Amino acid sequence: MDVTVAVIGAGIIAEEHLQAVEAVEGLHALAIADINAQKAEMLAERYNTRSYIDYQDMIKTETPNMVIITLPHYLHKEASVFSAEQGCHILLEKPMALTAAECKEIIQSARENRVQLMVGHIQQYFQENRTAKQIVQQKDLGSLVMINETRNLPYFTRERPRWFFECSKAGGGIVMNLGAHCIDKIQWLLDTKVSQVLAAMTYKGEEAGVAADVEGSGLLFLHTERGIPASISLAGYEVIPKQRTELIFTNGMMKVEMGKGVWVSKNGVYEKVASTKETLPFVRQLTDFVRAVKGEGTVKKSGPYAKSIIEVLEAGYQSHEQGKMVSVPPERRADQP
Ligand SMILES: NC(=O)c1ccc[n+]([C@@H]2O[C@H](COP(=O)([O-])OP(=O)(O)OC[C@H]3O[C@@H](n4cnc5c(N)ncnc54)[C@H](O)[C@@H]3O)[C@@H](O)[C@H]2O)c1
């Protein structure tokens, strides 16, 4: 029998998920909800589903097996808890919620209502990152001594929905939004947790022409439980776009550039690593989730893992305010809430 799906939020990322629903066998999209009726109707027409303006009404009427939540960050908790209470399995977009306390509520609600919960940390499904992880695990390049992650992307653009610039709705700016991807990538590639954060940010959206109370840049130094230090450099002003991770080992280096490839150097010259044919990341992600929904796999740790990323982000904002290194307490880094 098909697994039925409803999508909550018909914005920019919703379409990636709807395309994945079409591509994964045994899934059937029933409906899409958005407070902006036009957006919901447009996607509903394109994907041959019904449209709603009220997601609660949609869930009660359609009773889908699962929901995909692609709402602004401040609505992640309320939509997840409501969906869990209605017995729907949940694929929730990153970042999990505004605070670790909200994450805990989502995890508890999913447990109490016995629904599967997965947070869409999509970095883990990109072929470049999977290749990089294999190389880290092979240990051919000696001991890993550091990882440096850079993301430059003009953030204060006209195209970006306005809620991204309101701290009460987004939880932060480029660090919250793109930093969540970077922290995931570092923790996942190194198979470790971030233990301490030193961060410095700037809040100059107005100089970029936008009324915003969120940060437009962040420089983060991270200690990890494995003792491998990491840096994250995020810049969202008038920058040249770049998305690069460099890993430095005792016997070489590795460079990962999203959309371009993976390079390894053993003698001072980068050589491109042959890449395998890529399944679309959103299709891979949804396939994993549906296997868990069918009882053929597990996403049990996804909620607590996603919460650990919010804890690192909270420590980062505290560090910026206090001007000193902030620890992510071990009990909060633990897998259980
Ligand atoms: N995985 C990725 O690479 C990736 C990329 C982009 C965005 N995201 C995440 O996806 C989520 C959505 O981001 P987006 O860029 O699509 O934003 P968006 O603003 O384009 O989409 C959000 C949609 O939610 C709708 N909405 C707001 N309040 C609602 C409500 N109460 N009920 C129903 N609909 C409501 C808005 O009208 C909007 O259409 C965020 O968590 C974001 O961080 C992830």
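The legends below describe views of one predicted model.

Residues are numbered from 1 along each chain as its sequence is written. Local features need pLDDT of at least 70 in this predicted model and side-chain atom pairs count only at pLDDT 80 or more, while totals for chains, interfaces and linings use all residues; side-chain values use heavy atoms, with hydrogens and water left out.

**View A. Overall fold of the protein.** The protein contains 12 helices and 15 strands; helices (H or I, at least four residues) and strands (E, at least two) are DSSP runs, numbered from the N terminus. Its radius of gyration is 20 Å, close to the 20 Å that the globule rule gives for 337 residues, so the protein is as compact as a globular protein of that length. That radius is taken over C-alpha atoms, and the globule rule is 2.2 Å times the number of residues to the power 0.38. The C-alpha trace spans about 60 × 45 × 40 Å along its principal axes.

**View B. Burial and surface.** Of the 337 residues, 55% are buried (under 20% relative accessible area; exposed is over 50% and partly exposed lies in between, with a 1.4 Å probe and protein chains only). The accessible surface comes to about 15500 Å², and carbon and sulfur atoms hold 49% of that area. Accessible areas come from the Shrake-Rupley method with a 1.4 Å probe; for residues, only the protein chains shown count as cover.

View C. The contact takes 19 residues from domain 1 and 26 residues from domain 2, where contact means heavy atoms within 4.5 Å. In the protein, 70% of contacts between residues at least 6 apart in sequence join residues at least 24 apart.

**View D. The cis peptide bond at P95.** The bond from K94 to P95 is cis, with omega near -20°. P95 lies in the loop between β5 (89-93) and α5 (100-112).

**View E. Positive phi at N48.** N48 is not a glycine, yet has a positive phi of about 60°. The loop between α2 (37-46) and β3 (50-52) holds N48. N48 is exposed, at 72% relative accessibility.

**View F. Positive phi at T63.** T63, a residue other than glycine, has a positive phi near 40°. T63 sits in the loop between α3 (55-62) and β4 (66-69). With a relative accessible area of 56%, T63 is exposed.
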